[in-house]
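Please read the notes below alongside the model. They are set out as numbered points.

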4 protein chains.
Amino acid sequence: MRIGVLCSGGDSPGMNAAIRGAVLRGVEVHGFEMVGFMDGWRGFHEGDFVELDRLAVRGISPLGGVMLGTSRVPPFPDGKATPEALRAVAARMAELGIDAFMLIGGNGTQTVAELLTRAGIRAIGLPKTIDNDLAGTDYTFGFDTAVSIAAEAIDRLRTTGESHRRCMVLEVMGRDAGWIALNAGIAGGAQVTLIPEFPESIEQICDWVLSVRDRGRSSLVVVAEGFAFDGADQVVVREGLDGFGRPRLGGIAEVLAPLIEQRTGIEARATVLGHVQRGGSPTAFDRVLATRTGIAGANAAQEGAWGTLAGLRGDRIEMVPLSEIAGELKTVPADRYEEVRLTFG
Amino acid sequence: MRIGVLCSGGDSPGMNAAIRGAVLRGVEVHGFEMVGFMDGWRGFHEGDFVELDRLAVRGISPLGGVMLGTSRVPPFPDGKATPEALRAVAARMAELGIDAFMLIGGNGTQTVAELLTRAGIRAIGLPKTIDNDLAGTDYTFGFDTAVSIAAEAIDRLRTTGESHRRCMVLEVMGRDAGWIALNAGIAGGAQVTLIPEFPESIEQICDWVLSVRDRGRSSLVVVAEGFAFDGADQVVVREGLDGFGRPRLGGIAEVLAPLIEQRTGIEARATVLGHVQRGGSPTAFDRVLATRTGIAGANAAQEGAWGTLAGLRGDRIEMVPLSEIAGELKTVPADRYEEVRLTFG
Amino acid sequence: MRIGVLCSGGDSPGMNAAIRGAVLRGVEVHGFEMVGFMDGWRGFHEGDFVELDRLAVRGISPLGGVMLGTSRVPPFPDGKATPEALRAVAARMAELGIDAFMLIGGNGTQTVAELLTRAGIRAIGLPKTIDNDLAGTDYTFGFDTAVSIAAEAIDRLRTTGESHRRCMVLEVMGRDAGWIALNAGIAGGAQVTLIPEFPESIEQICDWVLSVRDRGRSSLVVVAEGFAFDGADQVVVREGLDGFGRPRLGGIAEVLAPLIEQRTGIEARATVLGHVQRGGSPTAFDRVLATRTGIAGANAAQEGAWGTLAGLRGDRIEMVPLSEIAGELKTVPADRYEEVRLTFG
Amino acid sequence: MRIGVLCSGGDSPGMNAAIRGAVLRGVEVHGFEMVGFMDGWRGFHEGDFVELDRLAVRGISPLGGVMLGTSRVPPFPDGKATPEALRAVAARMAELGIDAFMLIGGNGTQTVAELLTRAGIRAIGLPKTIDNDLAGTDYTFGFDTAVSIAAEAIDRLRTTGESHRRCMVLEVMGRDAGWIALNAGIAGGAQVTLIPEFPESIEQICDWVLSVRDRGRSSLVVVAEGFAFDGADQVVVREGLDGFGRPRLGGIAEVLAPLIEQRTGIEARATVLGHVQRGGSPTAFDRVLATRTGIAGANAAQEGAWGTLAGLRGDRIEMVPLSEIAGELKTVPADRYEEVRLTFG
């Protein structure tokens, strides 16, 4: 058995640990051959890969990023999984002597894994995304690290905010799902948490900021990049204008802070956390989760459990059929948002 | 409703966040009165408590330790839950005007919570212990922080070990359950993980260390304090002697390192991590988990769901009947240990 | 002797440690009375202050921000140190029963301290600024923490940059002096470091980025917010236009990244670190430096060494006459920049 | 010019950054050839070395330990620098084609560097030791990292100490000099700091612990491994007995904690920090210092300034004659200890 490992989409802390787990189990215990394609599907298309053995994965668990590189190059020529495109993948696999894929990625990648599976190509998925918006697993690896970094930023912003009596607005990642903002907000004690799933009006936001001020404190607002205002304001911001009808310059935090300042009279400052959220050494939690999904993926290959994703369920890793989860975006449910909204608002 | 919050047993990162979550929800949303007993049952016996309101819990989430203090003072005079002792607790509650308890603790504390429940006393449990050995919850708060600190220690020891070609032995907490060693070992890439649940012989351990050396590396051994050798050696160490039959001086790491050095000829050094594992600012994961159990506990009190523990099940908090989990020690199952043993050994 | 402690300007990690050092020494050893004005000169003008004693400073060293608050409210009504304004300060001191000031701040604050001194008002300065641009001291407290945070951000960005083969551009603080960029760049291994003191052309920058690519690596560019291009480009950017002649949207990093991408064809991404650089728990270095300057300041008050700043000289704290350093901006000298430019470029 | 780089003695965070700085400057700017001997003098004796070029030092700055390994193997056969032994070193250099040494080490190593210099062998020293006990430099690299780790341990122990009302005793490294304890104690707010240079009696120590208790707090005692009691107690402990006259089991912390508990009635707990102090990723401060000494060392080689050490003086690196500093142990001066003793006691 010769398995091709491939990372696709944005990088996420834990990818190296996942590869190491899969290789130590797959090569050393099950006797597979394993190769790693460089820069995702680019390496597959161009035949650019490295052999993966114990030495290749030595000491990589604590390292951020991913040793193989990753990219958004699509698996299919024009991005469409036509029968021809799928046959081309199978033919290329045969050329390269690859029997199966281990695909490390998020929603897009796991949807590809499911398409390959339906076409009879052997594939196993490992759940990687800092956004945690993948169904079939309690958590994806990379998420805990991203939350930790965001919570640390909140801790830092809070002290400078309190010292200057300012409202600090922190923008974190999360285009479609607000998981990072939700958990970092709880961990850091944000008074206002704004996520894509639940629009709020600028009036409500300012009410919260003012009530925090009335309690003698400075407020900390955490906002996911995909958040949009409720009501009429939503249109304005969505169309590329800021809250004052001018061309929108930066992220949502840079829209929100001046609006808050204008309406409340409280000095407000925006910080966009950006790419630091996805880099650096993974937390212990992510290293453990990633390693275990790698091991479970190798075991599933040994058992022929193709078309599955290594998901965390409670404290166990279970192989979940890709058909059950592909294409499903896991967003923050209403009760989780209400928990935060009512408790800290 | 007036609820008494009380922390018992060893401190665990996240206790402050749990109290804050419970108070913000209980006092601000549900309108409870809440008080916190100082130093666990001592404060209850002596009537030493503070009022808990929004101001009292302000900014405490990121702080280690616990604002109320904790102790191992027992709830019952001679440690026995006799009918008299239970009636005395109820009488004392009446004197203090307390309607219910929120008990933050591990196995011992939750067993007390169940005993109180059976005696008709209202109690809700929050799952705190760095050891993660409590049933009814995927994780206890404090555990993730302890694992993170232990994994960081492994990262540090590994670099000095490799530089000096030494075998480094790290002892972590875990008298009865090896969860910290297991997860820190995976996260830090330990080649040998030794836990109370699964004895190994000194011969096997030295074989692992030698095979790591033969691969050109220095080995990292993580051992839980409760680990004991397999076979004849077990008796010796258990009786307070070290591996050479001399009076045993320190922890198991200090027994193990010289034995490894003597048998393999590889220089070995022991580090006992000790109390730093339970201190310091909680990880984001623990803050979120603790805050959510606090909120859930307050909600359960509102709903009258007495006799339950706020457990993490997947990504949801569920109230688990104390009767189902009291007295049950959650240890590392064989498949989890085999996963590590086979993959990294 | 009754001393008023006052923080002015931006907050900087270590301010709490400085206050604690000054109070433990001044109150407990020398028997002073000490008070802390809230929010800098605002508290002085409005008589808003707290008594500072051992209890007031308990446990504050590890905390970010500053317990007294800080602001940019000026000491003199219209910002001018006229004889009337100086007399007004002295009169207000008499009203409040204050005999002397301990002024925690950077260049602006220490210039005020010198003006007060010349007017016969007792003042001692403690050197606080994350920018490290104050003369008379090897380092200011807050600087080491800011560098650590920036270096950590570089470590994180590097891993994601390498994984995606991108050029990552990090903007750090430093309007007039490039110390943070210089040291964070060395610590993080940035290939390109751009600081206000030494303009570089966009051609030179792109040459560096391309030569890094030619060596098979992804480049990391650290740029201080006050950096400006050499030559004609400088004018454009300074006038509020970006590198393409459009209205400038954000920081210099957001100008630089698209220019690099356009000219080199290498994907480039900007991150503006922002306010997180000044928040959070100080490093051990900053806590030690700040505590020692506080102690030295209290000792100087005891000895009547007014009109001095507690500066670090090698490993000793020395009281430096404010007259020698007030108004002097300490910038990065040419040999320090050349050291970095030649070695890493 | 072909320079042999060699690390000797215990490892210290920053060694990799020093090598990288020296190589990027020496090879890329000055055109030297450079090689690195493996495991200190062992590699020299056995001709075990690697070529050092840009690729060899890529990305190593943030890594703990040292890529070359280090050991305590002596340069001279029986440890004595006889004329024969020195001639043998010169002869071996000729065999290996080495023109000069760059020696990365502490007191012992720099004394060797001075002996080589006197014998006409070209050598330059870089000041590495976590103990900071080397003359000729304000700080040695590795020290700031060790202090940071120790201060972090104090932060952690303090929270658990306060929660349980315990006296926590932390033992840090420092056999002959108390720098780590001194600075970590200031940074962490230890109430009692005990160092080898200044004995204290157990009565004095217990008085401090009791006065802290009387102020309503739990005390934190930081003690350097080389501390000894004042007066009669000193003899007992020095002779390998503990405070109760029994055979001494572990470090000084394990002697001190039970003595404090017995005499004050306050529960006391010992933690021996051990090897974690010397491992792990260096702080930004140490990376900068180490890199700069490496660059300065390469420049000194280019200028022929042999027999010198790259020392930090204020914010500049200066080449200090080895003859001025070899054999001189830099210990904590009385005024630094008094500063701490009076202020925090």
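How much area is buried between chain D and chain B, and what percentage of it do carbon and sulfur atoms give?

1. About 2,500 Å² is buried between chain D and chain B, and carbon and sulfur atoms give 53% of that area. Buried area here is the accessible area (1.4 Å probe) that two parts lose on being put together, summed over both. Arg156(D), Ser163(D) and His275(D) supply 25% of what chain D buries against chain B, more than any other three residues. The contact draws 34 residues from chain D and 34 residues from chain B, contact meaning heavy atoms within 4.5 Å.

2. The basis of these values should be kept in view: this is a predicted model, in which local features need pLDDT of at least 70 and side-chain atom pairs count only at pLDDT 80 or more, while totals for chains, interfaces and linings use all residues. Residues are numbered from 1 along each chain as its sequence is written, chains are lettered from A and ligands numbered from 1 in the order in which they are written, and side-chain values use heavy atoms, with hydrogens and water left out.

3. Four salt bridges are counted between chain D and chain B; the term requires a side-chain nitrogen of Lys or Arg within 4 Å of a carboxyl oxygen of Asp or Glu. Glu152(D) and Arg156(B) form a salt bridge through their side chains, at 3.5 Å from N to O. Across the interface of chain D and chain B, 14 residue pairs are in polar contact, both residues at pLDDT 80 or more. A polar contact is a pair of N or O atoms within 3.5 Å; within protein, one must be able to donate a hydrogen and the other to accept it, and residues adjacent in sequence count only if both atoms are side-chain atoms.

4. On the side of chain D that touches chain B, helix H5 (143–164) and strand S9 (268–272) of chain D each supply at least two residues. Helices (H or I, at least four residues) and strands (E, at least two) are DSSP runs, numbered from the N terminus. The largest share of this side, nine residues, comes from H5(D).

5. Asp131(A) is listed by UniProt, in an unreviewed entry, as "active site". UniProt positions are given in the numbering used here, feature names are shortened, and annotations may be inferred rather than shown by experiment. Asp131(A) sits in the loop between strand S5 (123–127) and helix H5 (143–164) of chain A. Not counting residues up to four places away in sequence, Asp131(A) touches Phe143(A), Met173(A), Gly174(A), Trp179(A) and Ile180(A).

6. The unreviewed UniProt entry also gives a "binding site" at Asn107(A). Asn107(A) belongs to helix H4 (residues 107–118) of chain A and is buried, with a relative accessible area of 16%. Leaving aside neighbours within four places in sequence, Asn107(A) contacts Asp133(A), Leu134(A), Glu328(A) and Leu329(A).

7. In chain C, helix H6 (residues 179–188) is largely enclosed by the rest of the structure, because ten of its ten residues are buried. Just after H6(C), Gly189(C) has a positive phi of about 75°.

Conventions. Buried means under 20% relative accessible area, exposed over 50%, partly exposed in between (1.4 Å probe, protein chains only).
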